[in-house]
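Here is a short briefing on one model. Please keep the sequence and the 3D view open while reading.

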Amino acid sequence: MEKALTVDFEKLPTVYVVTPTYARYVQKAELIRLSHTFMLVPKLHWIIIEDSEWRTDVVSKLVRRLKNEFDFHMITHLQEPTPQTFKLKAGDPDWKYPKGIWQRNKALAWLRKNYGELDSNGVVYFADDDNTYDLEIFREMRYTRGVSVWPVGFVGGMLVERPVVEKADIVTSFNSMWRKNRPFPIDMAGFAMSLHLIISNKNATFSDSEPIGYVESQFLKQFVKSWTDLEPKADKCTKVLVWHTKAQSPTLHEEKKLKQPSSDGLVW
Ligand code: UGA
Ligand code: MN
C-alpha cells in the first residue's frame, strides 16, 4: 500500500477524482463512505460536482467537515444542473437518459481553466458516488501515461467486466457480453487518463446524445485510437479493485404513516 509517510509525497502525481452527485436519501451516506476511502489516499484531489442549481447544505457541510475535522483540504466543490429535458420523469426507466454528463463536463472545464495551478503529472479518474473503491486502485492508476484500464466488478450483467491482456501487456479483447460491439466496452469506473491528455485534447467532452452504454466509448475515442493504446493495470487486468455497487433506495412504507418524519430533530 501507499503510505503517506514512506513515499516521497512531493513526487507523487496527483490523482484528480471527479464525482458527480445528486440529492436523494442515500446521498450523505454514500458521500461519507466515499470520502472515508479518498481521505486515505495520498495526493488525491476530489472534485465533487453536484447535480443542482446551487451547492446544497448537505454537501457543503460535509466538505467543511472533511476540511476542518479530518484535514482533507484537496477538495473542489462545484455544481452543474442536468438540463430539464434530460431529467427522468416518474415512471421512466433509470437508463432512459445518461447520468453525470454535464457534471463531468463541468469538471473537465475546471481542470482546463485551472491547469496552470494543477499538477501537470496528474491523472484523472471519473469515480461515481455509489461505487466501492479498493485503495489499491489509486496506486495502480497514478502513473498512467495516456489511458489506463482495469476490471470492474458487478457491471454489464456480469460478476466482472474486464479487458483481456495477452503476454505482451496489450489489451487484445474484452470479456463484455452486454452491447459487446461498443468500441471500448468498459464502465466509467474502469479507466483513468493523464491530465496532460485532457489538456492537449481541449475540446474533448462527454456527449449527451449517445445510446445507452456508449458514453465511455464516445469519450475515450477522443483520446485513443485502438485497444492497443490502452495501458492495462491491476496485474494485467486480473485483479478486481473497484465494484459497480448500487445503493438500494430505503424502504419507507412505515414513514408515510408518521405525522413528522422520524429524522425530525435528529442530526441527519
Ligand atoms: C452507469 C455508469 O457506471 C455511469 O458512469 C454512467 O454515468 C451511467 O451508467 C449512465 O447511464 O450514464 P449507474 O450506476 O447506472 O452507472 O449510474 P449512477 O451511479 O446512478 O449515476 C452516475 C453518476 O451520476 C453518479 O455519481 C450519480 O451520483 C450521478 N448522477 C446520477 C447525477 O449527478 N444526477 C442524476 O440525476 C443521476
Ligand atoms: Mn452507479
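In which helix is T37 found? T37 sits in helix α1 (helices are DSSP runs of H or I, at least four residues; strands are E runs, at least two; both are numbered from the N terminus). This is a predicted model, in which local features need pLDDT of at least 70 and side-chain atom pairs count only at pLDDT 80 or more, while totals for chains, interfaces and linings use all residues. Residues are numbered from 1 along each chain as its sequence is written, chains are lettered from A and ligands numbered from 1 in the order in which they are written, and side-chain values use heavy atoms, with hydrogens and water left out.

- T37 is buried, at a relative accessible area of 17% (buried means under 20%, exposed over 50%, partly exposed in between; 1.4 Å probe, protein chains only).
- Leaving aside residues up to four places away in sequence, T37 touches Y133, L135 and F138 (contact means heavy atoms within 4.5 Å).

**The sheet**
- An open sheet of 7 strands runs in the order β3-β2-β1-β4-β11-β6-β12, with mixed pairing (two strands pair if DSSP finds at least two bridges between them).
- Its edge strands are β3 (75–79) and β12 (231–232), each pairing on one side only.
- Strands β1 (residues 15–21) and β4 run parallel, joined by 4 bridges.
- V18 has F126 in β4 as its bridge partner.
- Helix α1 (residues 27–38) packs on the sheet and touches β1 and β2 (44–50). The direction of α1 makes about 165° with that of β2 (axes are lines fitted to C-alpha atoms, for helices over the stretch in contact; angles run from 0 to 180 degrees between N-to-C directions).
- Helix α3 (residues 101–113) lies across β1, β2, β3 and β4, at about 130° to β2.

**Helix α2**
- The 14 residues of α2 (residues 57–70) should span 20 Å at 1.5 Å a residue, and the end C-alpha atoms are 19 Å apart, which agrees (the expected span is 1.5 Å times one less than the number of residues).
- V59, S60, L62, V63 and L66 of α2 are buried. They lie on the same side of α2 because they cover an arc of only 165° around the axis (the arc is that of the directions from the helix axis to the C-beta atoms).
- These buried residues pack against α1, β2 and β3.
- The face turned away from the buried side carries the exposed residues D57, K61 and N68.

**Manganese site**
- D130 (OD) and D130 (OD) coordinate the manganese ion (ligand 2) at 2.2 to 2.5 Å (donors are N, O and S atoms within 2.8 Å of the metal, or 3.2 Å for Na, K and Ca; water is not among the atoms, so sites may look incomplete).
- D130 lies in the loop between β4 (123–126) and β5 (132–133).
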